[in-house]
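Visitor: I would like to learn how to read a model of two chains, one feature at a time. Could you take me through it, with the general idea before each case?

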Amino acid sequence: MSDKSVLAAYAMRLGDNALILGQRMIELVAASPELEEELANANFALDYIGQARMFYTYAGECEGAGRDEDDLAFLRPEHEYRNLLLVEQPNGHFGDSIVRQVLFESWYLALLDVLTRCSDEGISDIAARAFKEVRYHLRHSGQWLVRLGDGTEESHARVQKSLNDLWRFTGEMFAPDELDDEMRASFNGPHLEVLELQWRLDVAAIVAEATLELPDDQWMASGGKQGRHTEHFGFLLAEMQHMQRTFPGATW
Amino acid sequence: MKQEWPLYEVFIRSKSGLSHRHAGSVHAADDEMALNNARDTYTRRNEGVSIWVVRSDRIVASDPAESSAFFEPAEDKIYRHPTFYDIPDEVENL
């Protein structure tokens, strides 16, 4: 792959993670347990969608085929999205959502940290902006995990089950593919095995404070980075793309 | 049955050098959550550089029924106002 096409594909993948997680969180709008939590969740969702816009715009520039952020967000078929399976998982109950956020955000924060020092300025600039946002998101989600885990007997049991259920989507975050290798070789990108060591320490600390048990490393699901998604993804995409598919190019 | 979270009062310092001002209130289950909720509710548009939160029931307030004893004696003490000084133009926020 040429340098430009590595950057285009890598930025698009980062954009996909941010967009799909943002879309999942948008589904929670008007469904939060408290007004303040409602505002926080909507803010965070918009942070992610803002990150997706920056990554997509940059991906479009690197690709040089005239596609803009909207084309990339709304007009691709399912198998062209390369987000992690974790971010497309349904919101479930509040504890499920929180566990998904903690597992993803602790990985994403470590990844962004490395990307702020990568040798491509386009990626490093966006990563630096996103890093500040995600650091706060993780503070929020991590504190909630502690509250739920170290809360009542029922909240403890439910959030432990969320952790056990979602754990199988974490292996994919640390399994490098060709694109990860190219990004690392050409642009000083993240070394995913090293990232995993950091992530395990970070997650173990939050999980311990929440008085929860880290799940055993079981069979790990993968495929998101290759465009093979879980059964939930088509429904998410159908809702997200509906307006652009029905009224192409609509603006307000 | 839904149990309401305690109320916290939120104070925001809009920029360095100014004092914190009361911005409003939030509900929260604990102190950390109160700080987060205050941040997410009252500083979304870049309104602040510092936040204080305090549980509303920890604030000791004057009694409105006592206001005549509390405040009216100060009404006619004009000599307590520093109106006899010239304030230099360079002094802001006084």
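Guide: What follows goes from the model as a whole to its chains, their contact and a few single residues. This is a predicted model, in which local features need pLDDT of at least 70 and side-chain atom pairs count only at pLDDT 80 or more, while totals for chains, interfaces and linings use all residues. Residues are numbered from 1 along each chain as its sequence is written, and chains are lettered from A and ligands numbered from 1 in the order in which they are written.

Visitor: What scores does the model carry, and what is the mean pLDDT of chain B?

Guide: The pLDDT is the predictor's confidence in each residue, on a scale from 0 to 100, and where it is low, the predicted coordinates should not be read in detail. For chain B the mean is 89, with 97% of its residues at 70 or more, and the model as a whole has an ipTM of 0.80 and a pTM of 0.90.

Visitor: How many helices and strands does chain A have?

Guide: Helices (H or I, at least four residues) and strands (E, at least two) are taken as DSSP runs and numbered from the N terminus. Chain A has ten helices and zero strands, so its pattern along the sequence reads α-α-α-α-α-α-α-α-α-α.

Visitor: And which elements make up chain B?

Guide: Chain B has two helices and three strands, which follow one another from the N terminus as β-β-α-β-α.

Visitor: How does the radius of gyration of each chain stand against the globule rule?

Guide: The radius is taken over C-alpha atoms, and the rule is 2.2 Å times the number of residues to the power 0.38. Chain A, with 252 residues, has a radius of gyration of 18 Å, close to the 18 Å of the rule, and is therefore as compact as a globular protein of that length; its C-alpha trace spans about 55 × 40 × 30 Å along the principal axes. For chain B the radius is 19 Å, whereas a compact globule of 94 residues would have one near 12 Å, and its C-alpha atoms fill a box of roughly 60 × 40 × 15 Å along the principal axes.

Visitor: What share of each chain is buried?

Guide: A residue is buried if 20 or more other C-beta atoms, placed from the backbone, lie within 10 Å of its own, exposed if 12 or fewer do, and partly exposed in between. Buried residues come to 42% of the 252 in chain A and to 16% of the 94 in chain B.

Visitor: How many residues of each chain take part in the contact between them?

Guide: Two residues are in contact if their C-beta atoms, placed from the backbone, lie within 7 Å. Eight residues of chain A are in contact with eleven of chain B. On the chain A side, helix H2 (35–63) and helix H6 (121–149) each supply at least two residues, and H2(A) gives the most, with four. That side divides into two nonpolar, three polar and three charged residues, where Ala, Val, Leu, Ile, Met, Phe, Trp, Tyr, Cys and Pro count as nonpolar, Asp, Glu, Lys and Arg as charged, and the others, Gly among them, as polar.

Visitor: Is A:Ser162 buried or exposed, and where does it lie?

Guide: A:Ser162 lies in helix H7 (residues 153–166) of chain A and is buried, because 24 other C-beta atoms lie within 10 Å. Leaving aside neighbours within four places in sequence, A:Ser162 is in contact with A:Gly95, A:Asp96 and A:Val99. A:Gly92 and A:Ser162 are 70 residues apart in sequence and 9.0 Å apart in space, C-alpha to C-alpha. A:Gly92 itself is in the loop between helix H4 (85–88) and H5 of chain A, and is partly exposed, with 15 other C-beta atoms within 10 Å.

Visitor: Which phi values do A:Thr211 and B:Asn46 have?

Guide: Most residues other than glycine have a negative phi. A:Thr211, however, has a positive phi near 55°; A:Thr211 is in the loop between helix H9 (192–209) and helix H10 (233–246) of chain A and is exposed, with 12 other C-beta atoms within 10 Å. B:Asn46 has a positive phi of about 65°, lies in the loop between helix H1 (31–42) and strand S3 (50–55) of chain B, and is exposed, with 7 other C-beta atoms within 10 Å.
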